Amino acid sequence: MTDDGPARIEVRNLQKRFGTVEALSDVNLELRDNEILGLVGDNGAGKSTLIRTLVGLHQPDEGEILIDGKPVTIDGPKHARKLGIGTVYQDLALVDQLSVAENMFLGRNPVKKLGGILPVIDTERMQEEAERILSERLDIHLDPETPVEYLSGGERQAIAIGRALVSDPDIVFLDEPTSALSKAAVDHVERLVEELQNTGHTIVIIDHNLEEVLSMTDRIAVLFQGRVVDVVDSDEVTRDAIVAMMVSGQPMGATESVGESDSASSPTA
Amino acid sequence: MSTISSLRSSVDDLREADRTRMMLFALDNLIWPILLVTFVLFSLLLPEIFTQYRNIRFLLYTSAGLGAITLAEGICLISGNFDLSVGSVAGFSAMAAALFLTEWFPGMPGVAGIAVLLLVGGSIGLLNGVSIAKFGVNPFLQTLSTLIIFEGGILVLSTQSVYGLPASYLWIGGEDIDLPLFRPIPLAIFAMFALFLGMWFILTKTRFGRAVYAVGGDEDSAAEAGIDTNRVVILTFVISGVLSAIGGLLLTGFNGGATPTLGTSQLFPAFTAAVIGGISLFGGRGNVLNSLGGVLLLGTIGAGLVMLNIDPQIIQTVNGIVLFAAILLYTFVQRYRERLLSDL
């Protein structure tokens, strides 16, 4: 991680309302090159809304998004993919009736021209690619023709992660990638995230398990009722301090001084 | 070996899973054994006559128009939508094209009439699709209103049947094709098979087709994967309108002219055929080739009842009973399916 140059993604004064609910209010956040940023916060704090806004599923009411210092308007997931962003959604976004390979390549199936004119899905190439990505990147061996409704929760989650890697993105958003996984599979995802960072990727991860967040990330952004409470280095924060920020909506220094009532000589920052 | 895949690594488990998958395959293609049993049953009730060339020809020929309209309904159902207007679109576009060729622009070639017919059907489909996708109108209400508008529209155009159409217009729905070493076969039967194969190809082999299944299976997921779901829904309804119009063309050829009631009685059989062919009412599931099985089953039952000298008025009731039985059957199949899936 370096602080040199513009952030990979920067959001400035981002606002998003749904009716009268302010889902994001005045969010300012930087995603530095090659870092792993954790997003934590209670349900409804705005984590998923932030991700969905960054991939263009929601358009912000106000504020800007900058990628590598340049302001961008992101039209939708396809555009986000072109900008180098891959996403694993909280709901996995899999279509039960379609196969493993079809899900991984949904919306971007490789196409070949039948008889030189008729564009049809290149099923063979798609299945080979799907199988390769799953086995090389995730060490999972599945028949790419299997409908995903036949698969277990963990396997489904693996497909969703595999799909985010199909477009070979530089930036990967993971919205609760481990919620349906066993302990061993969680370790596997942690290793994958680490490997993604080692190969130059920049990662944003939403996770309810704070131990996982602390061990995986470089920095943690705490959200509370649609705003960013504080962004802290993962090495310099404890689980309890994060919980305090999540609950109180006050930044780290403030919560500690609240905890220690009126003691002005708090030793920690 | 990863931990995830090792969850069911033992050989016994795999064999069990294979058996379950075979069972699922059988459930998904249930229409064909049902069709076979029904056909054999009528062949036994009507020994010799039911399996005659004349009867098979009649059975297939009367199925052709319904087949196209069933495809029109089927693609909408697969996309998670609903189209009540398929029959009235068939009737309206057939009547508009017939008047175009006989009264509005007499002397125009049949192919111009076919172009008008397809344009009218596609435009009504576009109207349905835009309302549903862009304005968020409920598909049931939207297509109910187009059903009523164009059902009435047929009578505004003409309360009389229109005959005297060019032979080239009636050709595909009305003419026989001479085959070497075999008796002549109506072209409409080939048209029906070609339409089913074509739609099967589009739905299974192209990006658009897979997107139709994705949108029907889970519209939010499809959007998250980057599919323009509005575009898919609009295009689905346009295709549905065009297929309904082709149904109207085939029925015009079959009747020798455009009758005001040509499409009226087609909606429910089309719906029934799609559903008994295993196309899910909830979207995202079903094979259009199996809905051909549904069309042929209705054709078999219809032809069988006629030959048993049963009052034709009863046929609609029988179709209703078939639909009811199919829905009951598929409700049980669906439950059984879910149980099988949870065992995998």
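**Before you start**

This is a predicted model, where local features need pLDDT of at least 70 and side-chain atom pairs count only at pLDDT 80 or more, while totals for chains, interfaces and linings use all residues. Residues are numbered from 1 along each chain as its sequence is written, chains are lettered from A and ligands numbered from 1 in the order in which they are written, and side-chain values use heavy atoms, with hydrogens and water left out.

**Stop 1: the six-stranded sheet**

Colour chain A by secondary structure. Helices (H or I, at least four residues) and strands (E, at least two) are DSSP runs, numbered from the N terminus. Two strands pair if DSSP finds at least two bridges between them. Find the open sheet of six strands, in the order β6-β9-β10-β3-β11-β12 of chain A. Its pairing is mixed. On average, neighbouring strands here are turned by 15 degrees against each other, direction ignored.

Now pick residues 36–40 and 219–224 of chain A. These are β3 and β11, which run parallel and are joined by four bridges. Show Leu37(A): opposite it in β11(A) stands Arg219(A).

Contact means heavy atoms within 4.5 Å. Axes are lines fitted to C-alpha atoms, for helices over the stretch in contact, and angles run from 0 to 180 degrees between N-to-C directions.

**Stop 2: the four-stranded sheet**

Which strands form the antiparallel open sheet of chain A? Four do, in the order β2-β1-β4-β5. The edges are β2 (21–31) and β5 (70–72) of chain A.

Select 9–18 and 62–67 of chain A. Five bridges join these antiparallel strands, β1 and β4. Arg12(A) has Glu64(A) in β4(A) as its bridge partner. Move on to β5(A), which three bridges join to β4(A). There, Ile67(A) is partnered with Lys70(A). β4(A) and β5(A) form a hairpin with two residues between them. In the turn, Asp68(A) has a positive phi of about 50 degrees.

**Stop 3: a link across the sequence**

Show the side chains of Arg8(A) and Asp170(A). They form a salt bridge, with the closest N and O atoms 3.6 Å apart. Arg8(A) lies in the segment before β1 and Asp170(A) in the loop between α5 and β9 of chain A, so the pair ties together parts that are 162 residues apart in sequence. A salt bridge is a side-chain nitrogen of Lys or Arg within 4 Å of a carboxyl oxygen of Asp or Glu. Over all chains the count is 19.

**Stop 4: another hairpin**

Go to β7(A) and β8(A). Four bridges join these antiparallel strands. Leu114(A) has Leu118(A) in β8(A) as its bridge partner. Three residues lie between the strands, and Gly115(A) takes a positive phi near 60 degrees.

**Stop 5: where chain A meets chain B**

Show both chains. How many residues does each chain give to the contact? Chain A gives 36 and chain B gives 30. Together they bury about 2800 Å², 57% of it on carbon and sulfur atoms. Buried area is the accessible area (1.4 Å probe) that two parts lose on being put together, summed over both. Select Gln97(A), Glu149(A) and Tyr150(A): in chain A they lose the most area to chain B, together 23% of what that side buries.

Four salt bridges cross this interface. One to display is Glu149(A) with Arg337(B), whose closest N and O atoms are 2.5 Å apart. Finish on β8(A), which gives the most to the side of chain A that touches chain B, with four residues.
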